[in-house]
Amino acid sequence: MRFENVGLRYGNGPEVLQDVTFALGPGSFHFLTGASGTGKTSLLSLLYLARRPSRGLIGIFGRDITAMKRDDLPPIRRRLGVVFQDFRLLDHLSALDNVALPLRVAGVSESDIQKHVPELLTWVGLADHINAKPPTLSGGQKQRVAIARAVINRPDVLVADEPTGNVDDRIAFRLLHLFAELNRLGTTVVIATHNETLVRRFRFPRLNLAGGGRLEVLPPLADVEEGAAEGGSPAAPGAMAGVGPVPPASLAARSDG
């Protein structure tokens, strides 16, 4: 994915993003950082194709999305996974059915769904909550359901908006280990966060938005906790409670269904 001189404004207002230029290599991992009001949510909406830029070029999977017709976007979006800050789970559906939604939309067989979805929910530590509905789950459990839904189709790109904002530090570290594990499987990951402790502990480069909606690509912050891994690869096998050292078969290859 690449952005070239991208600008974004709402209506006739000033640009909230100005001349944003960067590239995300396949299998890369970046934090998206910046103070409140600098345009992180706006940039995320461009990354998962909810909006089009006011100017500039956005290329993804070899296509210029700014020149694509609206009807051509759904197949591109199906290759993206999104974790929203407010989860956006359907309260009347079980954890299993929430995670299964992208597969059902893609036409995956029910037998495959019943095989892979419980496997993934077990892998993220929710084996005892597969049939639970969101109102009965804790914030951390809802977040893991949302993450499982975002990755069940093995997206090429995963975008997460403050995925640790509603959980305590212990759960936050576990969730970041999970994202790092998914990244090792080949998924490009972008995580927006205000949590500097996580950014320092997990040594990945940063897309940092400053005042005026301008972006700069920065190196990883130095880790500050003993035992933090080097080289941007902090997750140890089984680092998250309930997660086995080998990812489930449902993540072994992206479904093309």
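Me: Which residue of β8 is the bridge partner of L158?
Reply: This is a predicted model, in which local features need pLDDT of at least 70, side-chain atom pairs count only at pLDDT 80 or more, and totals for chains, interfaces and linings use all residues. Residues are numbered from 1 along each chain as its sequence is written, and side-chain values use heavy atoms, without hydrogens and water. Strands (E, at least two residues) and helices (H or I, at least four) are DSSP runs numbered from the N terminus. In β8, L158 is bridged to V189.

Me: How many bridges join β7 to β8?
Reply: Strands pair if DSSP finds at least two bridges between them. β7 covers residues 157-161 and runs parallel to β8. The number of bridges joining β7 to β8 is five.

Me: Which residue of β8 is the bridge partner of L32?
Reply: Strand β3 (residues 29-33) also pairs with β8, in the parallel sense and over four bridges. For L32, the partner in β8 is A192.

Me: Why is β8 largely enclosed by the rest of the structure?
Reply: T188, V190 and A192 point one way from β8, while V189 and I191 point the other way. Buried means under 20% relative accessible area (exposed is over 50%, partly exposed in between; 1.4 Å probe, protein chains only). β8 (residues 188-192) is largely enclosed because, of its five residues, the number buried is five.

Me: What is the handedness of the β-α-β unit made by β7, α6 and β8?
Reply: With the strands pointing away from the viewer, a clockwise path from the first strand over the helix to the second counts as right-handed. Here the helix is α6 (residues 169-184). The unit of β7, α6 and β8 is right-handed.
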